[in-house]
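Here is my note on the model, point by point. Please have the structure open as you read.

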Amino acid sequence: IYIYVEMRSSKIIDGVNISGKFDFVEQARVKDAKTTKVYSWIKGSSESRYMMQGSMYRMLNPDIIRDDYMDVMYIFTDWNEFKAKADPKSYPQKRAMTRTLKLLSIPETEKWVSQQLSRIKVATALPQEKLPLCTPDELWMDAPQWAFYKDKTKMTRATKLFDDEAEANRAHSTHG
């Protein structure tokens, strides 16, 4: 059984040194540990970033990372046993859980890295006011939500969240 731990590697792409250090590789599969909030597990909000990170590790280490999948071991910093029992369908049932993600192929990863480097090179020549704005995904933003407060004088805790502003306004007008 071949096991590799915290190995740093690098590769020159488009004249730029790209490097990374994975946590763990076992049986040709990269495994990465993440300490995170339960919300990240429930929403899956970080999966695309984790998949890209794993894909880049494979691109940098094609001789030892040959599996098309990676395992992400989530270690929850805010896990609650009571919430796990109350919501067994969506709430993680253990303080640490693993999710398997499909990696991009090495050529797809190299193309993605090349595109990112090209964007950066173009942006370095631009004045501050011409720089492109970050996307909501790059800022780790979720879609906006509107809160309904049963007691409008306190507004300390929302009793319901709405994904649609019109729906939220209807709820506020009905409950006056």
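1. Let's start with a strand pair. Strand 4 and strand 5 run antiparallel and are joined by 3 bridges; strands are DSSP runs of E with at least two residues, helices are runs of H or I with at least four, and both are numbered from the N terminus. Two strands count as paired if DSSP finds at least two bridges between them. Within this pair, F24 has K31 of strand 5 as its bridge partner.

2. Before going further, a word on what we are looking at. This is a predicted model, in which local features need pLDDT of at least 70, side-chain atom pairs count only at pLDDT 80 or more, and totals for chains, interfaces and linings use all residues. Residues are numbered from 1 along each chain as its sequence is written, and side-chain values use heavy atoms, with hydrogens and water left out.

3. Now look at the turn of that hairpin. Strand 4 and strand 5 have 2 residues between them, and Q27 in the turn has a positive phi of about 55°. A28, in the loop between strand 4 (24-26) and strand 5 (29-36), also has a positive phi, near 70°, and is not a glycine. As background, most residues other than glycine have a negative phi. A28 is buried, at 13% relative accessible area; buried means under 20%, exposed over 50% and partly exposed in between, with a 1.4 Å probe and protein chains only.

4. D63 is 35 residues away from A28 in sequence, yet their C-alpha atoms are 8.6 Å apart. D63 sits in the loop between helix 2 (47-60) and strand 6 and is exposed, with 57% relative accessibility.

5. Of its 8 residues, 6 are buried, so strand 5 is largely enclosed by the rest of the structure. Strand 5 also pairs with strand 6 (residues 69-76), in the parallel sense and over 7 bridges.

6. Another hairpin is worth a visit. Strand 2 and strand 3 (residues 16-21) pair in the antiparallel sense over 6 bridges, with I13 opposite V16 of strand 3. The hairpin has 2 residues between its strands, and D14 takes a positive phi near 50°.

7. E6 is one more residue to check by eye. E6 lies in the loop between strand 1 (3-5) and strand 2 (8-13), and has a positive phi of about 40° without being a glycine. At 49% relative accessibility, E6 is partly exposed.

8. On to charge pairs. A salt bridge here is a side-chain nitrogen of Lys or Arg within 4 Å of a carboxyl oxygen of Asp or Glu, and by this rule there are 9 salt bridges. One of them joins E110 and K11, whose closest N and O atoms are 2.3 Å apart. E110 belongs to helix 4 (residues 106-124) and K11 to strand 2, so this pair ties together parts that are 99 residues apart in sequence. Both ends are partly exposed: E110 at 26% and K11 at 28%.

9. What is the distance between the closest N and O atoms of D68 and R58? In this salt bridge they are 2.7 Å apart. The pair links D68, in the loop between helix 2 and strand 6, with R58 in helix 2, 10 residues apart. D68 is partly exposed at 38%, whereas R58 is buried at 6%. Elsewhere, salt bridges that share partners join E26, R29, K31, D67 and D71 into one network.

10. E26 is partly exposed at 27%, while K31 is buried at 15%.

11. Last, a look at strand 1 and the surface. I1, I3 and V5 form a nonpolar surface patch with about 340 Å² of accessible area together; such a patch joins nonpolar side chains (Val, Leu, Ile, Met, Phe, Trp, Tyr) within 5 Å, using residues with over 30% relative accessible area and no salt bridge. The areas come from the Shrake-Rupley method with a 1.4 Å probe, and for residues only the protein chains shown count as cover. V5 lies in strand 1 and is exposed, at 53%.

Note on methods. Patch = residues over 30% accessible without salt bridge, like charges linked within 9 Å, V, L, I, M, F, W, Y side chains within 5 Å.
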